[in-house]
Amino acid sequence: MNKSAKPLSYPSFPSKMLHLAIIIAGLAGFTLGAHIAFLVGFDYSLGKGYHAYIQSHGHIQLIGWVGLFIMSVSLYFMPRLGHFKIEITKRVKYISFFITIGILLKYIFHSALPYYTHVSWTSTITFLTLLSSVCIFIGILIYLSIVLQIANGMKNQLKDPTKDIRLLFIIMILGWILYGSAHFILSAILHINSQTILLPNWNLFMVDIFIYWIILPICFGVGLRAIPLFMRLPSIQWNTLYFSKIYFAVVLIYFGLKLGYQFIDNGQLLLPYLNILGFIKNMTILWFVYQLDVIIKLKVPWTDTQKEEWIPHKKESRKHYPDYGEFGHFEWLIKSAFIWLVFAALLDAYLNIALLLHIPTELSKDGIRHAILLGFTTPLIMGMGVRMVPGMTGALRLKNPGTVLWIAVLVNGAAISRVLPMILPSNILDMIPNGYEIIMPLFGVSGILGVAAIWLFYFTMNPVLKGKRLPLPKSI
Ligand code: HEM
């Protein structure tokens, strides 16, 4: 062994990666969404670039905002969970490098593509769009190389089925492989056929893969370990492994059927089964939220089941929470996230039933998708960010905990104004005086609220990401 080699330790928190995620969301992901929503909401001409902007916005939000957050937290969390010391500094830099280049190329060239129709331009620009997907796929593969190395080296101490979240991580790994490779293939088709957008049906299929194979499993996994502690919820007494197996089976069959539906000529025949499976998928999600008990707190918190005698401290923690207010009202973000998840699952379940029984419905998939991505995922990231990351970076607390409540207000305002116009049926709009005149401008400002929320989140997290211990705020 090289004598100068440092002994292995647990990786430090990849602050720069999270920093990048927020900057990308603030400069590219949310702003593109805000631009599109503003055009639609205030009835401006949508222009040639409309569909390409939508696809760039979706992809940048998924990979840049959500993806980089998931990567940064899991690279800190997983080695500790598996008691596996590992050196990852260089590889973390490469991941950030490739994903940033990939996103830059996507942002610039995919958005520009519809405006350059001459053949000499098209082939160069579609090639650069393809290059973007290659860079992102390389970033994903480097990330997965670390995750697999950790999984291999995990000491098998997770025998307790209430704590075993490994299957959820495996689903997430499969999700990354599916999403990264499918995005590459779609971009190659775009280049070969000189298209201006990726094949829309397949693109949305990939978006669903990202939601159900990456976002939800990792939220379930990390949520199960961290949320009960932060929110003083009941300790996990139910069989997590069993739940993971059911979830895996359901999404496997659901997406298998969906694949069949997209591929085969008479795929319509699969629709009833697809809706039944979709309904079961939504019930599984609702069951998880019920068991976590995060919204109404019906069950006894884990602190009440502790055997040790309670020793009074000089300072009392916040009522119902184990902290002293140094993370602000982070519970507003986390609770509202789960309320949105329940709302989205109920709406989607209703859509499944309506389609199965041929009940006419105006519910839009786009509204449900944003209920999950903007209503659930974004506040959850923000809530976990302000509550969990200060401990990971060594800052230990927020500099300005008071901003957290405003982040919650802004992001929920953005979600309400983005989702409601997409799901309110026309008979309800007819009943509201000037319903149509109000609803579209509401949609138009949703993005501006989202951009404000993300920048406030940035200013709240920036001191934390510097990694220095922060002084206790004066209010505490
Ligand atoms: C306030 C913030 C947001 C606004 C204003 C916004 C706006 C939009 C709009 C107008 C569309 C086009 C819908 C259509 O097909 O007609 C869209 C699509 C999409 N958005 Fe957002 N969005 C926001 C936040 C988010 C977030 C946080 C995510 C992900 C984390 C996200 C992911 C997507 C995806 C995946 C699509 C579908 C893209 C496609 O069709 O390829 N959005 N968004």
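Predicted model: local features only at pLDDT ≥ 70, side-chain atom pairs only at ≥ 80, totals over all residues.
Residues are numbered from 1 along each chain as its sequence is written.

Helix α6 itself has 32 residues, yet its end C-alpha atoms lie only 40 Å apart, short of the 46 Å that a straight helix would reach at 1.5 Å a residue (the expected span is 1.5 Å times one less than the number of residues). A bend of about 50 degrees occurs in α6 at Gly 223, the bend being the angle between axes fitted to the seven residues ending there and the seven starting there.

The ligand is surrounded by 27 residues, of which Gly 33, Gly 58, Gln 61, Gly 447 and Gly 450 are the closest; a residue is near if its C-beta atom, placed from the backbone, lies within 6 Å. Elements giving two or more residues to this shell include α6 (200-231), α11 (403-423) and α13 (435-465), while α2 gives the most, with eight residues.

The axes of α11 and α13 come within 7 Å and cross at roughly 155 degrees, where axes are lines fitted to C-alpha atoms over the stretch in contact and angles run from 0 to 180 degrees between N-to-C directions. Helix α11 is therefore roughly antiparallel to α13, a term applied to angles over 145 degrees.

How values were computed
Helix = DSSP H or I, 4+ residues; strand = E, 2+ residues; numbered from the N terminus. Parallel < 35°, antiparallel > 145°, perpendicular 65-115°, else oblique.
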